Amino acid sequence: MPYLTSPVLTAGTLAHRPQPTLATGDGLLLRPWRAADAPAVCEVFQDSVMHQWHARAAGSEEEVADWIGDWHRAWEEEREAHWAVTDADSGSLLGRVALREIRLDDGGAEVAYWTVPAARGRGVAVRATTALTRWALDETGFHRLELLHAVRNEVSCRVASRTGFALEGTKRGAALHPDGWHDMHLHARVRGE
């Protein structure tokens, strides 16, 4: 059965080009992940804050190396897009920003991020999310980006607000974390806002 609308983004929009490196313009780079990043990512996932707000743990550097391999395949398959957030001068890892659950037909995706403990409180998540949002909506042609976080995660709520993601509502009991079910705030930005 044919669709009555054309896809917002056609197949190949991402996969037919290399994943770009994005500069924030204020000292950060968003670059594709490298195999050499595995030890640093594994270390971040030992942090108690990561355990509080994420459902995933890293048991070894080899496991993280597999994640990085999957992040590269996800770009090629246009399912997700993951970037390492680094200091533009030193190259040190400061965090991660990603588009998850990419839907080319309706031009949608979910924004996700985290920062390493030493980078928290420095605006890294805000700056990286701003750069990614600009690339996705203005340069690539996504129509809508969503951002979800646990209601109790006030820091992520501030990141969403500071990056222009309007709070649209609460998804009750929407995410299972180690301490039980979490209500999730749903924020979104639409192209042209």
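Helices and strands on this tour are DSSP runs (helices are H or I with at least four residues, strands are E with at least two), numbered from the N terminus. The model is predicted, so local features need pLDDT of at least 70 and side-chain atom pairs count only at pLDDT 80 or more, while totals for chains, interfaces and linings use all residues. Residues are numbered from 1 along each chain as its sequence is written, and side-chain values use heavy atoms, with hydrogens and water left out.

**Stop 1: helix 5**

Select residues 154-162, which make up helix 5, and colour Ser 156, Cys 157, Val 159 and Ala 160, its buried residues. Buried means under 20% relative accessible area, exposed over 50%, and partly exposed in between (1.4 Å probe, protein chains only). Look down the axis of helix 5: these buried residues fall within an arc of 160°, so they line one face of the helix. The arc is taken over the directions from the helix axis to the C-beta atoms. Over on the other side, Glu 154, Val 155 and Arg 162 are exposed.

Now show what covers the buried residues of helix 5: strand 5 (108-115), helix 4 (124-140), strand 6 (144-150) and strand 8 (180-190) are included. Contact here means heavy atoms within 4.5 Å.

**Stop 2: helix 4**

Move to helix 4, where twelve of the 17 residues are buried; among them are Val 124, Leu 132, Trp 135 and Thr 140. A quick distance check works well here: at 1.5 Å a residue the helix should span 24 Å, and its end C-alpha atoms are 22 Å apart, which agrees. The expected span is 1.5 Å times one less than the number of residues. Just after helix 4 comes Gly 141, with a positive phi of about 100°.

**Stop 3: the aromatic rings**

Next, select Trp 33, Phe 45, Trp 67, Trp 71 and Trp 114, which form one aromatic cluster. Rings of Phe, Tyr and Trp (its six-membered ring) pair if their centres lie within 6.5 Å; planes under 30 degrees apart count as stacked, over 60 as edge-to-face and the rest as tilted. The structure holds eight such pairs. Phe 45 and Trp 67 are edge-to-face, at 5.1 Å centre to centre with 80° between the planes. Phe 45 sits in the loop between helix 1 (38-44) and helix 2 (48-53), and Trp 67 in helix 3 (residues 61-76), 22 residues apart. Turn to Trp 67 and Trp 71: their ring centres are 6.4 Å apart and their planes at 45°, so the pair is tilted. Trp 67 is buried at 5% relative accessibility, and Trp 71 is buried at 9%.
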